[in-house]
Amino acid sequence: MVDYHAANSATSTSQPSYMEPESDWDRDLLLDPAWEKQQRKTFTAWCNSHLRKAGTQIENIEEDFRDGLKLMLLLEVISGERLPKPERGKMRVHKINNVNKALDFIASKGVKLVSIGAEEIVDGNVKMTLGMIWTIILRFAIQDISVEETSAKEGLLLWCQRKTAPYKNVNVQNFHISWKDGLAFNALIHRHRPELIDYDKLRKDDAVTNLNNAFEVAEKYLDIPKMLDAEDIVGTLRPDEKAIMTYVSCFYHAFSGAQKAETAANRICKVLAVNQENEHLMEDYEKLASDLLEWIRRTIPWLENRAPEKTMAEMQQKLEDFRGYRRVHKPPKVQEKCQLEINFNTLQTKLRLSNRPAFMPSEGRMVSDINGAWHNLEGAEKGYEEWLLNEIRRLERLDHLAEKFRQKATIHESWTDGKEAMLTQKDYETASLSEIKALLKKHEAFESDLAAHQDRVEQIAAIAQELNELDYYDSPSVNARCQKICEQWDILGSLTQNRRESLERTEKQLESIDELYLEYAKRAAPFNNWMEGAMEDLQDMFIVHNIEEIQGLITAHEQFKATLPEANKEREAIQAIQAEVQKIAQYNGIKLAGTNPYTTITPGSIDSKWDKVQKLVPQRDQALQEELGRQQSNDHLRRQFANQANIVGPWIQNKMEEIGRISIEMNGTLEDQLTHLRQYEQSIIEYKPNIDQLEGNHQLIQEALIFDNKYTAYTMEHLRVGWEQLLTTIARTINEIENQILTRDAKGISQEQLHEYRTSFNHFDKDHSGALMAEEFKACLISLGYDVENDKQGDAEFARIMGIVDPNNSGAVTFQAFIDFMSRETTDTDTADQVIASFKILAGDKNYITAEELRRELPPDQAEYCISRMAPYTGPDAVPGALDYMSFSTALYGESDL
């Protein structure tokens, strides 16, 4: 079997895209006997309508084309061209050669014949034969149909819709069900030959009568053979689309001579459609711009709110709300802003191409206004994030300091409990001399203890001062507690001094007391204070932000552990003093009067505190190691984010540079460039998961309260901005190419002309900015032969040209403005005079037109559009209801007010 798809791939690439789905002959549909029957009858009648011009016909479509002779004759009749001489032999090879000649001719017309070979036709294969005839019908009867820039099937369907639009009970949406009741066929005939059909007498529920009436009238008066059976169409759930299309195409060609008025109406419809579309685009821009500006107006005050919260939980919720704004609320608005700019540029391009005045948005809704508002939004956003992070750091520091203050205050208050009562008692007034001496020594030990606690009081005051400076929300209670501690401390100092003076007055009456007790008290007090300080340090909270800080704490802890052997020796020495007291007392038979009179620190309390210190040391070890692990995990998060950020950042920069190169290079046609850019855009969009993954890593870093990263210079904010700029830049570049295609197609500019324009533009665009400054543009014009030299006449001409290409006086000329100017200088476009001439045709050469004529020749919506906007005609030849189409036409092009 011969595969013509490969043989003809070179020629078929230039054919319209509608032919491609039709080339895939739907063999499954032929399994429906009703459809096969309809196609046999329709295709046979269509072939005979042409073969009869050569004095012959066919009876059986799959048998009569087997030898290829009538097939070649059919092609010669419908194409008007001569095919190679057929072979007259009766052998199979002669038939195959004849069919191949016919198939080669079809393929030479740019038609794909996928899997249709000469052998199947010669063998009488019904499916392949019907498929081949359908392909011929498409190429020679339907392909050249063109209505309002649509062609073939779509063009034929639009033609039917336009012609049947005024008729009730007719709604043509396809080539099967829409024709089943026969009204559409009758409507087509009545529209062009109203004398042949009495349409008002037709009934929708009598499909067979309607169909037979249309078929008989078409055959009798329009020379269109009867290709369908009314009973087959009515008796089939879904009539065969190809049979209907074949028959309807005969009506199109039969009425193709009455196209002059339709062409004029098409021109008006096109102009009006452009105007209506532009109005819709303007309304859409205004609404989208208003909504976006309103969102920015509502969002900025929220981002500028710097009211601090009291707790970490409340600030964390604010941070979470901000993340939600970044991830959920802002991205759609970025897309809206980009789409708004694209819509604005597309609208301005369409207005220029249709010779309409440029669109000026309402005050405050210009693209520059939106960009300015967006810039303010991003400024507020950046400041808000920095403030949030600083507030979290401040609250974290405050929580740590507040807890530290409470711990130290509690320890101090516990120590001072009962001290005032002890210092104010009058026990020395009734005590013996030895007891007085003991009280004096005890007081000296207390003073030593008091001095040792001076540092803690100073630390408590310093922490309270720092909490005040950091604006801690519970500062009043902290200040009150600190004030109470300081006042009590002053009272203790005063009472201590008073008691010493009282004891010293009676010192002469006292005897020496046991030196061992005194030594014990003196050594036990600082040692006890050291242990309390050690326990306090071992239980002290700590906060670190990196591995170095935790390693510093671990080193300090190891140094502390190194002092424990010496401390244990001191403890043993103190306990040895108490043991010596017991030994002497036992040896001398002395009955001790209870506890040591010089101190409340007992050997049991020393051992108990020492045991507690021993237990706290491994607990501190564990806490430090856990924190070391957390910091190592944080460091891993930093490295993880940095590794990916160091890839994504250069990737985004590289893509931005590549887009800049692509926008000034000229590789291939504009469609090739557009396809390349869209593929490039897709590759960028496919990179989005890497950004999302980076966002996830960044979220882990923020949740871990990591505020710095020494492994990368990139921040998530920089990468987000770069990503958004990349998406916006590729979208703008694609829009520029699309606008160039619109300009080329509308102005009839060839690819070579566009290439020449781009070459000239790039030559003078020295900095590759995509725009020419005034002097660069003047040099470019001079190189193209324009007389804009530096004299009075040249300056005036250059000022005129700059007024066209730079109406906003920005001082720069874009490539789009450049090609608009060049195309305007070299091509023609629709003008007000052309539209007036078209209206004059519809009006029958009158200087006015009536509403009835507009409704008859134009689609309903566009007819009403004209009627509602046309002023009454007031000329001397005016009649009632006359409308002025001349002023209306000039208003369409901005030459007067509509």
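**Exercise 1.** In this predicted model, state how the residues lining the largest cavity divide into nonpolar, polar and charged.

*Solution.*
Step 1. The division of this lining is 2 nonpolar, 3 polar and 6 charged residues.
Step 2. To assign the classes, list the lining: L319, F322, R323, R326, R327, E385, E695, H698, Q699, Q702 and R720.
Step 3. Leu and Phe count as nonpolar and Arg and Glu as charged, so L319 and F322 fall in the nonpolar class, while R323 and E385 are among the charged residues.

**Exercise 2.** Find which helices each supply at least two residues of that lining, and which one gives the largest share.

*Solution.*
Step 1. The helices that each supply at least two lining residues are α16 (312–353) and α27 (688–703).
Step 2. Of the lining, α16 contributes 5 residues, the largest share.

**Exercise 3.** Give the number of cavities of 30 Å³ or more and the space in the largest cavity.

*Solution.*
Step 1. With the 30 Å³ cut-off, the model has 5 cavities.
Step 2. The largest cavity holds about 100 Å³ of space.

**Exercise 4.** Describe how helices α10 and α14 pack, including the handedness of their crossing and the residues in contact.

*Solution.*
Step 1. Geometry: α10 (residues 152–164) packs against α14 (residues 241–254) at an angle of about 65°, and the axes lie 11 Å apart.
Step 2. Handedness: the two helices make a left-handed crossing.
Step 3. Contacts: from α10, K153, L156, W159 and C160 meet E241, M245, V248, S249, F251 and Y252 of α14.
Step 4. Composition: this contact consists of 7 nonpolar, 1 polar and 2 charged residues.

Methods:
Residues numbered from 1 in each chain as written. Predicted model: local features only at pLDDT ≥ 70, side-chain atom pairs only at ≥ 80, totals over all residues. Heavy atoms only, no water. 1 Å grid on protein atoms, 1.4 Å probe; cavity = no way out; pocket = protein on both sides within 12 Å on 5 of 7 lines; lining within 4 Å. Points joined across faces, edges and corners; volume = space filled by probe spheres on them. Helix = DSSP H or I, 4+ residues; strand = E, 2+ residues; numbered from the N terminus. Axes fitted to C-alpha atoms, helices over the stretch in contact; angles between N-to-C directions. Left-handed = near helix turned anticlockwise from the far one by under 90°. Contact = heavy atoms within 4.5 Å.
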